[in-house]
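The following report describes the structure shown below. Please read it alongside the sequence and the coordinates.

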Amino acid sequence: IFSDDIGILKSKDSVLIFSKVKIDSFIVKNKKFRKYQNRFYEVLYQGSKISLLKKYEVQIVEGMFNPIDGTKEKSRFKTTDDYYIENSGGVVKFVPTKKTILGIFDDETVMVRKFIKQNRLSLKKEKDLIEIFKYYNQL
């Protein structure tokens, strides 16, 4: 995730990294990943009008120095994930809030809002986001 590369563990201490140029998509544990603009995104839902994607990012959080005993904590990885939409305009990042979701589905705002309310869907739950995208693509 850190370098946005694809690799496999060849042995206990050896990793084989594949060339991104030759890979368009891959599947890991029933999760499909596709390449857009040389970066890999998890495909949460692929629709005819719009698709829902997820991008994982990793940051290195440096360990803090403790001046009292002169030690330093180990640095660690912090993983975050962001949501993206893919439509005819390309791939665009979005934050799943009511305002942004309704803005994405601008042409069917009333129907999508009604669907969310009737089904008590939460924009904070990934499975609910997928249901909203499925519904919109059926309209």
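Over the face of which ring does Lys-55 lie? Lys-55 lies over the face of Tyr-41, at 5.8 Å from the ring centre; a charge sits over a ring if NZ of Lys or CZ of Arg is within 6 Å of the ring centre and within 35 degrees of the ring normal.

## Basis of the model

This is a predicted model, in which local features need pLDDT of at least 70 and side-chain atom pairs count only at pLDDT 80 or more, while totals for chains, interfaces and linings use all residues. Residues are numbered from 1 along each chain as its sequence is written, and side-chain values use heavy atoms, with hydrogens and water left out.

## The six-stranded sheet

Six strands form an open sheet in the order β3-β4-β5-β6-β9-β10, with antiparallel pairing. Strands are DSSP runs of E with at least two residues, and helices are runs of H or I with at least four, both numbered from the N terminus; two strands pair if DSSP finds at least two bridges between them.

Strand β4 (residues 31-36) is joined to the antiparallel β5 (residues 39-45) by four bridges. Arg-34 stands opposite Tyr-41 in β5, and Lys-35 stands opposite Phe-40 in β5. The hairpin of β4 and β5 has two residues between the strands, and Gln-37 takes a positive phi near 50° in it. On to the next strand, three bridges join β5 to β6 in an antiparallel arrangement, and these two strands form a hairpin with five residues between them. Glu-42 faces Lys-54 in β6 as its opposite residue. β6 and β9 are paired antiparallel over 11 bridges, with Leu-53 opposite Tyr-84 in β9. Six of the seven residues of β5 are buried (under 20% relative accessible area; exposed is over 50% and partly exposed in between, with a 1.4 Å probe and protein chains only), so β5 is largely enclosed by the rest of the structure.

## A separate hairpin

Strands β1 (residues 6-11) and β2 (residues 14-18) pair in the antiparallel sense over five bridges. They form a hairpin with two residues between them, and the bridge partner of Ile-6 is Phe-18 in β2.

## Helix α3

Helix α3 has 13 residues and reaches 19 Å from its first C-alpha to its last. This is close to the 18 Å expected at 1.5 Å a residue, the expected span being 1.5 Å times one less than the number of residues. Its buried residues are Asp-128, Leu-129, Ile-130, Ile-132, Phe-133, Tyr-135, Tyr-136 and Asn-137. What covers these buried residues includes β5, β6, β9, β10, α1 (98-104) and α2, where contact means heavy atoms within 4.5 Å.

## Aromatic pairs and ring contacts

The whole structure contains 10 aromatic pairs. Rings of Phe, Tyr and Trp (its six-membered ring) pair if their centres lie within 6.5 Å; planes under 30 degrees apart count as stacked, over 60 as edge-to-face and the rest as tilted. Phe-115 and Tyr-135 form a stacked pair, with 4.0 Å centre to centre and 5° between the planes. This pair links distant parts of the chain, with Phe-115 in helix α2 (residues 109-118) and Tyr-135 in helix α3, 20 residues apart. Both Phe-115 and Tyr-135 are buried.

Ring pairs also link Tyr-83, Phe-94, Phe-105, Phe-133 and Tyr-136 into a cluster. Lys-49 lies over the face of Tyr-136, at 4.6 Å from the ring centre.

## Positive phi in loops

Lys-29, in the loop between β3 and β4, has a phi near 50°, a positive value in a residue other than glycine. Lys-29 is exposed, with a relative accessible area of 77%.

Arg-120 is found in the loop between α2 and α3. Although Arg-120 is not a glycine, it has a positive phi of about 50°, and at 75% relative accessibility it counts as exposed.
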